Amino acid sequence: MSEVVSSNCVAKRDHWAWLIQTQREKMIAYLTSILHCHYLAEDALQETFIRLSNLSIEQLKEVENPSAYCYQTARNIAIDMLRKRTRESWVDLDNTSPCQCIDNQPSAEDSLIEQNLNRRIMQAVTTLSSRHQTILSLYKWGDYKQKDIAQICAISPTLVNFILQEVVSTCQNALTH
């Protein structure tokens with residue numbers, strides 16, 4: 001029984017070898033048109049032979065047109081090779097500079113430091129008088145110029161400048177202590 005199975009396997013390989021050998025030039029041209037590389041086409045044809053040689057007797061019985069089946073198998077292998085090559089080209093670490101791998105997101109420590117600084121500044125701002133807070137709000141978030149703030153608050157532009165300097169000084173002191 002094992003002699004029959006091994007002779008069937010040899011006959012299978014011989015059949016596919018003969019078919020691929022007689023169609024070799026056409027198949028290489030066909031695969032090269034898909035893969036755009038003669039060497040990859042050779043690899044695909046070799047993989048085709050290996051895959052076809054491993055078909056079981058039951059699978060072979062289902063093949064109605066061996067030549068068409070051989071071309072279809074070769075085409076599928078070539079497409080798989082293209083997909084693999086495309087996937088591999090997405091991440092090419094050899095040609096990636098170290099700067100491209102740097103994470104520009106702030107670290108957890110940096111975020112915590114920034115939150116702490118913001119908290120301290122907000123505490124310093126809450127200690128200011130309501131007039132100082134109003135002038136700061138108009139200048140920082142209202143995008144008003146000092147001259148416009150002076151008109152809104154009915155004070156001189158010099159006093160607005162002086163108040164803004166006091167606000168900055170208060171915030172700086174809060175950050176240093």
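Is Trp16 buried or exposed, and at what relative accessibility? Trp16 counts as buried, at 1% relative accessibility (buried is under 20% relative accessible area, exposed over 50%, partly exposed in between, with a 1.4 Å probe and protein chains only).

1. Basis. This is a predicted model, in which local features need pLDDT of at least 70 and side-chain atom pairs count only at pLDDT 80 or more, while totals for chains, interfaces and linings use all residues. Residues are numbered from 1 along each chain as its sequence is written, and side-chain values use heavy atoms, with hydrogens and water left out.

2. Aromatic pairs. There are 2 aromatic pairs (rings of Phe, Tyr and Trp, the last by its six-membered ring, with centres within 6.5 Å; planes under 30 degrees apart are stacked, over 60 edge-to-face, the rest tilted). Trp16 and Tyr69 make a tilted pair, because their planes stand at 40°, with ring centres 6.4 Å apart. Since Trp16 lies in helix 1 (residues 2-22) and Tyr69 in helix 5, this pair ties together parts 53 residues apart in sequence (helices are DSSP runs of H or I, at least four residues, numbered from the N terminus). Tyr69 is partly exposed, at 34% relative accessibility.

3. Second pair. Tyr30 and Tyr71 are edge-to-face, 5.7 Å centre to centre with 65° between the planes. Tyr30 belongs to helix 2 (residues 24-35) and Tyr71 to helix 5, so the pair ties together parts 41 residues apart in sequence. Tyr30 is partly exposed, at 28% relative accessibility.

4. Thr73. This residue sits in helix 5 (residues 66-90). Thr73 is buried, at 9% relative accessibility. Beyond its neighbours within four places in sequence, Thr73 contacts Thr48, Arg51 and Leu52 (contact means heavy atoms within 4.5 Å).

Terms used. Helix = DSSP H or I, 4+ residues; strand = E, 2+ residues; numbered from the N terminus.
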